[in-house]
Amino acid sequence: MGFLHLEQVSKFYGEFAAVCDFDLEIEKGEFISLLGPSGCGKTTTLQMIAGLVTPTSGKIALDGRDITQEKPAKRGLGVVFQSYALFPHMTVAQNVAFGLEMRKIARSERDKQVAEILSLVRLTPLADRYPREMSGGQRQRVAIARALVIKPPVLLLDEPLSNLDAKLREEMQFELRRIQRVVGITTIMVTHDQAEALSISDRVVVMEGGKITQVDQPYSLYEHPKNNFISSFVGKSNFLAARAVNETSGVSLIVDNTDLKIPSTKNYPDGELCLSVRPEKICLTAPAEGMLQGSISSRYFLGNQWLLSVTTPAGEISVSVANLGAPPPLEGEITGLSWKIEECRIMAAEQEVIVQS
C-alpha cells in the first residue's frame, strides 16, 4: 500500500457523480498532478483528501491510518488555495508563523522555523512586508511557506499558479518543484494546464467525467495516450480516418487512398480506424515525396516554432515546425507530409488505442 491510498473513492451529489471509483496509490515523496478539464472531479478529489468534502463511499488512508472521516485539522495536511488566502493585516513572517502559533510552539522555536522556511522559499528580505506590497509570485511563495512550516505529511495544491501571468507562471512551476524536492514532501497538485503537469510531476492522473482515464509518467502519458481524449487534451494531435488491410507480409493502413505500411504482424480489427499523430512528429517534404499532399492554409509564428495548418484530402492537419532561422513555405503552397509509422497511435474510431507502435 502506498503512503497515501485512495480506494474506490466516490462523491455523489444526488444522482450526479462528481468523482466515481477513484483508486490511486501515492508513494512518499511523490509529486502527483490531477489533470483534466473543468468539471472532471479533480478539485473534489483534492477536497476529499483534505477533509473539506466527505466521500459518499470509499476509503482514504494516510501512512496506514484511515482518515476518511477525520476532520481537516486532525489530518494535519498542508493546503495552498488558488487565492492563496493570506491574512492581509499580517506581515509575511506573521502569516507563516500563524500555524505554529495555533500549535502553541514556543516563540524561540517558532522564529527559528519561520526563518528556515523563508530562506527555503527565498523570501527572507521580505519578512516584514504585507501581502499587498508583494507580487503574485511572492504571495504564492508565502502561501507555500505557511503550508510547509507545520511540516505536514502531504502538501495539497489547488491550481496554485493560475493567478500568475504566463512568464511568471513558467518560472514558478520550476520553483515549486525545487522546493518540493528539497523538502521531500508528498505533493498533490490540481491543474487544468497540461504543460504544467507534464513539466514538474512524477506521475500525472488524467481525469474525465469524474473518473481516472490514465495514470502515467509524463513522457509515457504524452507518447502513449490510451484514448482519443488523452491524445487531444494532453498536447495536440491530428486524428485521421483510416482502414486496415491485413496481409501475410504485414499490415497496410489506408489513409486517403495512401497505402501506409505498418511494421507489425498483428491483425487490426475490421471497420473504421483512427490514426493519431502529433503535429511535431510530422515533417514537410517535397509534394511528390510525402505520405500525404496538401496546401498550407495558415501559418502562425510562435517564436521557437511555426504552427502550420495544411489542407489535405484526409482533412485539416496541424504541423509544428521548429524555428531554425528560415521561414516555412508560404500560405497557398503545396507540400508533402511525412511521419514515422512507429510514432503514430492506431485506435478504433473513438475508442482506446489498440496497438502501440
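Hello everyone, and a few ground rules to begin. The model is predicted, so local features need pLDDT of at least 70 and side-chain atom pairs count only at pLDDT 80 or more, while totals for chains, interfaces and linings use all residues. Residues are numbered from 1 along each chain as its sequence is written, and side-chain values use heavy atoms, with hydrogens and water left out.

Let's start with the record. UniProt, in an unreviewed entry, lists residues 4-234 as "domain: ABC transporter"; its positions follow the numbering used here, feature names are shortened, and annotations may be inferred rather than shown by experiment. Over residues 4-234 the chain is 38% helix and 26% strand, with the end C-alpha atoms 25 Å apart. Helices (H or I, at least four residues) and strands (E, at least two) are DSSP runs, numbered from the N terminus.

Now, the inside. By a nonpolar core I mean a set of buried Ala, Val, Leu, Ile, Met, Phe, Trp, Tyr and Cys residues joined through side-chain atoms within 4.5 Å. Buried means under 20% relative accessible area, exposed means over 50%, and partly exposed is in between (1.4 Å probe, protein chains only). Which residues touch the most other members of the largest nonpolar core? They are Val96 and Leu148, out of 34 residues. Elements that each supply at least two residues of this core include α3 (92-102), α4 (107-120) and β7 (154-158), and α5 gives the most, with six residues. Leaving aside residues up to four places away in sequence, Leu148 touches Ile117, Leu120, Leu155, Ile179, Val183 and Ile185; contact here means heavy atoms within 4.5 Å. There is also a second, separate core of 26 residues, with Leu24, Met48, Leu62 and Val205 among them.

On to charges. Side chains of opposite charge can pair when their charged atoms come close. The whole structure has ten salt bridges, each being a side-chain nitrogen of Lys or Arg within 4 Å of a carboxyl oxygen of Asp or Glu. Arg122 and Glu175 have their closest N and O atoms 3.2 Å apart. Arg122 lies in the loop between α4 and α5 and Glu175 in helix α6, so this pair ties together parts that are 53 residues apart in sequence. Glu175 also meets Arg178, at 2.8 Å from N to O; these two are three residues apart in helix α6, about one helical turn. Glu175 is buried at 10% relative accessible area, whereas Arg178 is partly exposed at 24%.

Last, the rings. Rings of Phe, Tyr and Trp (its six-membered ring) pair if their centres lie within 6.5 Å; planes under 30 degrees apart count as stacked, over 60 as edge-to-face and the rest as tilted. Three such aromatic pairs turn up in the whole structure. Phe229 and Phe233 are stacked, 5.5 Å centre to centre with 15° between the planes, and both lie in helix α9 (residues 228-233). Phe301 and Trp306 have centres 4.9 Å apart and planes at 45°, so that pair is tilted. Of these two, Phe301 is partly exposed at 49% and Trp306 is buried at 13%.
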